[in-house]
Amino acid sequence: MAFLTEPEPERGANLPVLPGISRIVANNPGPMTYLGTNTYLIETPDGVAVLDPGPEGHPEHIEAILRHTGGQIAYILVSHTHHDHVGAVPALQEATGAPTVGFRVSGIDTFVPDIKLDHDAAFAGMQALHTPGHASDHLCFALTAKNGDKVLFSADHVMSWSTSIVSPPGGDMRDYFASLNLLLAREDDVYLPGHGPALREPRDLVRAMLTHRVIREQAIARKLTGGAFDTYTIMDALYSQLNPRLRKAAERNVLAHLLKMEIEGKASREGELWRAA
Ligand SMILES: [Zn+2]
């Protein structure tokens with residue numbers, strides 16, 4: 001797949017993205033987060049919305065958000081409730097009093113949005129799209145930028161630097177396929193992901209991601225013709241060159257495929273072991 005890279009961003013800087021849209025990259029780089037979580041500042045008809053305040057425990061990131069907005073924030077948008085996106089919400093809300101906005105059913109007990117959005121809701125000049133798969137409460141936000149670009153904030157559903165982890169039970173592979181197909185039916189010019197740089201002509205990568213998952217599922221099905229295996233053994237057979245730090249994530253993806261295949265009558269399990277159905 002044709003993934004993108006970018007140089008390490010200037011920490012604490014407000015980086016221009018498109019007219020009316022900028023980002024501050026949190027200093028939480030890692031094997032799952034690339035150079036860090038993108039916090040977007042979005043000019044809306046109601047004022048500046050902050051999309052994904054970032055991880056907990058990075059006060060310098062909150063200070064950067066406050067510095068670049070003057071503390072005047074209309075909304076705190078949450079794409080999904082993974083800790084690297086939502087962890088800083090309480091601190092930012094305490095500092096600004098801005099209402100939080102997210103999917104109507106939160107994926108975690110510790111976050112309930114003040115403003116609850118459903119699929120296809122219009123909000124602050126944007127359209128919310130419920131896109132479960134990576135997370136059950138995942139929202140993408142669509143808007144037309146001032147230069148005419150059709151923009152989709154794709155968060156962790158589609159990222160420019162890597163595939164996404166689908167880890168049950170919050171992650172669901174059937175939902176993930178459906179949400180990729182939902183994006184393919186749209187005509188966005190550019191995706192702005194939760195990690196990594198902007199992605200132009202984004203549907204080429206979405207198609208490649210779908211193909212990648214289909215091939216992965218076929219490989220799992222082939223492995224199951226040889227007997228009954230646990231998820232680790234299947235992962236180990238499929239991902240030979242993998243960075244050791246990503247093996248747990250890869251095993252979660254394999255489990256997500258197997259649960260999809262179970263529902264579709266292609267795999268069955270007995271205890272820890274999976275076999276062809
Ligand atoms: Zn995530």
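This is a predicted model: local features need pLDDT of at least 70, side-chain atom pairs count only at pLDDT 80 or more; totals for chains, interfaces and linings use all residues.
Domain bounds in this description come from an automatic or database domain assignment. Residue numbers start from 1 along each chain as its sequence is written.

The assignment divides the protein into domain 1 (15-201) and domain 2 (212-276). Taken over C-alpha atoms, the centres of domain 1 and domain 2 are separated by 30 Å. Contact, defined as C-beta atoms placed from the backbone lying within 7 Å, involves 12 residues of domain 1 and 14 residues of domain 2. On the side of domain 1 that touches domain 2, seven residues are nonpolar, three polar and two charged. Here Ala, Val, Leu, Ile, Met, Phe, Trp, Tyr, Cys and Pro count as nonpolar, Asp, Glu, Lys and Arg as charged, and the others, Gly among them, as polar.

Alanine 74 lies in the loop between helix H1 (59-69) and strand S5 (75-77); helices (H or I, at least four residues) and strands (E, at least two) are DSSP runs, numbered from the N terminus. Alanine 74 counts as buried because it has 20 C-beta neighbours inside 10 Å, the criterion being 20 or more other C-beta atoms within 10 Å for buried, 12 or fewer for exposed, and partly exposed in between, with C-beta atoms placed from the backbone. Leaving aside residues up to four places away in sequence, alanine 74 touches Thr44, Asp46, Gly47, Val48, Ala49 and Ala98.

Methods
Two residues are in contact if their C-beta atoms, placed from the backbone, lie within 7 Å.
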